[in-house]
Amino acid sequence: MARTFDELVAMQRAADQAHSRVEELRDHYGPPAHTPWTELQTDTYETAWRAWRDLARDVQSAVTEYAKEQGAARNQVEEDVRRVVRHPEPKPEPETEPETGE
């Protein structure tokens, strides 16, 4: 399936958000070896981890396909996507009309 660069960026953002959720849960629950997790905590963590894993896999496959279609180096496409996601360009301020003293 052909994808646009903007779709790759959206996919990477979703994967990054899923990864953040996994890290939040890990920080909140603590290491399972020190304090055993409840069954609900384990299920919640594993679901979040699977979601992250699946999104990360999907974005990697899409980047590979996009790079082939564009005739670009895969690692460069991946770097470009991550740069846009993690260091977005600031949006320009809209131009306003100067106020007149009337």
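Modeller: Tryptophan 49 lies in helix α2. The model is a predicted one, in which local features need pLDDT of at least 70 and side-chain atom pairs count only at pLDDT 80 or more, while totals for chains, interfaces and linings use all residues. Residues are numbered from 1 along each chain as its sequence is written, and side-chain values use heavy atoms, with hydrogens and water left out.

Colleague: Is tryptophan 49 buried, partly exposed or exposed?

Modeller: Buried means under 20% relative accessible area, exposed over 50%, and partly exposed in between, with a 1.4 Å probe and protein chains only. Tryptophan 49 has a relative accessible area of 35% and is therefore partly exposed.

Colleague: How should I read the packing of α2 and α3?

Modeller: Two packed helices are described by the angle between their axes and the distance between the axes. Axes are lines fitted to C-alpha atoms, for helices over the stretch in contact, and angles run from 0 to 180 degrees between N-to-C directions. Here α2 (residues 39-70) and α3 (residues 74-86) pack at about 120°, with axes 9 Å apart. That angle makes α2 oblique to α3; angles under 35 degrees count as roughly parallel, over 145 as roughly antiparallel, 65 to 115 as roughly perpendicular and the rest as oblique.

Colleague: Which residues make this contact?

Modeller: Contact means heavy atoms within 4.5 Å. From α2 come Gln60, Val63, Thr64, Tyr66 and Ala67, and from α3 come Arg74, Val77, Glu78 and Arg82. By class, there are four nonpolar, two polar and three charged residues. Ala, Val, Leu, Ile, Met, Phe, Trp, Tyr, Cys and Pro count as nonpolar, Asp, Glu, Lys and Arg as charged, and the others, Gly among them, as polar.

Colleague: How do α1 and α3 cross?

Modeller: Their axes come within 9 Å and cross at roughly 65°, which makes α1 roughly perpendicular to α3. Among the residues in this contact are Phe5, Leu8 and Val9 of α1 and Val81, Val84 and Val85 of α3. The class count is seven nonpolar, one polar and five charged residues.

Colleague: Which residues form the largest nonpolar core?

Modeller: A nonpolar core is a set of buried Ala, Val, Leu, Ile, Met, Phe, Trp, Tyr and Cys residues joined through side-chain atoms within 4.5 Å. The largest has eleven: Leu8, Val9, Met11, Val59, Ala62, Val63, Tyr66, Ala67, Val77, Val81 and Val85. The elements giving two or more residues to this core are α1 (5-29), α2 and α3, and α2 gives the most, with five. Another core, of six residues, lies apart from it and includes Val22, Leu25, Trp37 and Tyr45.

Colleague: Where is arginine 3, and what does it touch?

Modeller: Arginine 3 sits in the segment before α1 and is partly exposed, with a relative accessible area of 29%. Neighbours within four places in sequence aside, arginine 3 is in contact with Leu8, Met11, Ala62, Tyr66 and Glu69.

Terms used: Helix = DSSP H or I, 4+ residues; strand = E, 2+ residues; numbered from the N terminus.
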